[in-house]
Amino acid sequence: MTYLITGGAGFIGSHLTEKLLDLGHEVICLDNLSTGHRMNVEKFKNARFRFIEADVTTPIKFDGKIDVLFHFASPASPPDYFRLPVETLLAGSQGTYNALNLALENDAVFFLSSTSEIYGDPTISPQKEDLCGNVNPIWPRSVYEVSKRFAESITMTYHRKTGLKTRIVRIFNTYGPNMRIDDGRSIPNFIKFALSGEDITIYGDGRQTRSFCYIDDVTQAFILLSQTDYNYPLNIGNPEEISILDLARTIIDITGSKSDISFQNPLDDDPKIRKPDISMAQKILGWQPNVCLKEGLEKTVAAFKKKLRG
């Protein structure tokens with residue numbers, strides 16, 4: 001089969017590319033390299049791999065037939081979408097529209113990478129797919145949340161109007177090798193500072209929780225879902241919930257760091273809880289995460305050490 005991955009040079013896209021190539025498929029990676037890195041895909045010296053440097057916010061021109069289109073193109077970490085707010089909104093709106101049209105032209109499966117951020121600061125935990133969420137459309141991080149909400153809406157509109165085969169995943173805090181050292185999210189941030197011996201900064205008291213899922217588990221769920229006929233949003237994440245403070249302590253322990261933990265004022269729009277209900281994924285895919293947080297963090301720390309050594 002032939003897969004096209006928008007945002008394929010990013011963290012998740014590059015891992016999925018590797019897995020699909022290992023399975024014998026052809027992969028076209030499309031990325032404008034605004035947050036992705038060419039080095040993530042340069043290693044794919046494979047006749048079945050092709051890289052196209054392009055922006056999804058302009059109509060996607062592609063010669064050939066594709067079977068599945070994975071739409072990942074978007075800044076995904078707060079520092080990136082705070083730096084590129086308009087670009088983030090356009091990736092989720094115009095970019096999704098262009099990707100949908102290409103999928104429709106090819107009669108391909110359209111696979112949207114959405115996010116747990118569409119739940120905003122949820123009032124219910126764990127979060128199920130029928131939760132409408134608690135999003136303030138004018139707070140700074142809404143550029144990401146709202147762009148993904150729009151992307152889900154237009155994807156389902158195409159499904160209802162045209163019969164396009166759609167798959168939607170709401171990803172909960174994925175991590176692992178290939179994350180940028182300067183990504184800005186908690187795990188790469190904490191590892192970077194722990195390895196350098198600098199203080200790890202936590203915003204607020206650290207009692208806010210997250211649920212982190214290792215990249216190999218996430219890409220496995222993607223492939224399973226792409227092979228089903230389930231058209232609606234599906235949570236993909238690890239229900240193993242941890243406080244940000246305990247996450248920092250765990251990373252300090254794994255790295256053997258002498259870093260201290262410092263605290264700053266909480267961020268105004270920082271969600272207090274994040275934990276997926278994955279019962280639908282278990283039912284539809286027979287999937288659940290296999291890599292526990294400690295094991296995943298150990299693998300990620302090892303990759304970061306290698307990257308820092310150059």
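Is lysine 294 buried, partly exposed or exposed? In this predicted model, lysine 294 counts as partly exposed, at 46% relative accessibility. Its salt-bridge partner is glutamate 298, with N and O sitting 2.5 Å apart. Glutamate 298 is partly exposed too, with a relative accessible area of 36%. Both residues belong to helix 10, four residues apart, or about one turn of the helix.

**Other salt bridges**

The count of salt bridges comes to 17. One of them pairs glutamate 18 with lysine 43, at 3.7 Å between the closest N and O atoms. Glutamate 18 is in helix 1 and lysine 43 is in the loop between helix 2 and strand 3, so this bridge ties together parts that are 25 residues apart in sequence. Glutamate 18 is partly exposed at 31%, and lysine 43 is partly exposed at 44%.

Then there's aspartate 205 with arginine 207, whose closest N and O atoms are 2.8 Å apart. Here aspartate 205 is partly exposed at 40%, while arginine 207 is exposed at 65%.

**The second largest pocket**

The second largest pocket holds about 380 Å³ of space. It's lined by 13 residues, with Met39, Asn40, Asn178, Ala303 and Lys307 closest to the centre. Helix 2 and helix 10 are the elements that each give two or more residues to this lining, and helix 10 gives the most, with three. By type, the lining splits into four nonpolar, four polar and five charged residues.

**Serine 142**

Serine 142 is part of helix 5, which covers residues 142-162. With a relative accessible area of 5%, serine 142 is buried. Leaving out residues up to four places away in sequence, serine 142 touches Asn136, Pro137 and Ser147.

Notes
Residues are numbered from 1 along each chain as its sequence is written. This is a predicted model: local features need pLDDT of at least 70, side-chain atom pairs count only at pLDDT 80 or more; totals for chains, interfaces and linings use all residues. Side-chain values use heavy atoms; hydrogens and water are left out. On a 1 Å grid over the protein atoms alone, a cavity is a set of points where a 1.4 Å probe fits but cannot get out, and a pocket is an open set with protein on both sides within 12 Å along at least five of seven lines; lining residues have an atom within 4 Å of a point. Grid points are joined across faces, edges and corners, and a volume is the space filled by probe spheres set on the points. Ala, Val, Leu, Ile, Met, Phe, Trp, Tyr, Cys and Pro count as nonpolar, Asp, Glu, Lys and Arg as charged, and the others, Gly among them, as polar. Buried means under 20% relative accessible area, exposed over 50%, partly exposed in between (1.4 Å probe, protein chains only). Contact means heavy atoms within 4.5 Å. A salt bridge is a side-chain nitrogen of Lys or Arg within 4 Å of a carboxyl oxygen of Asp or Glu.
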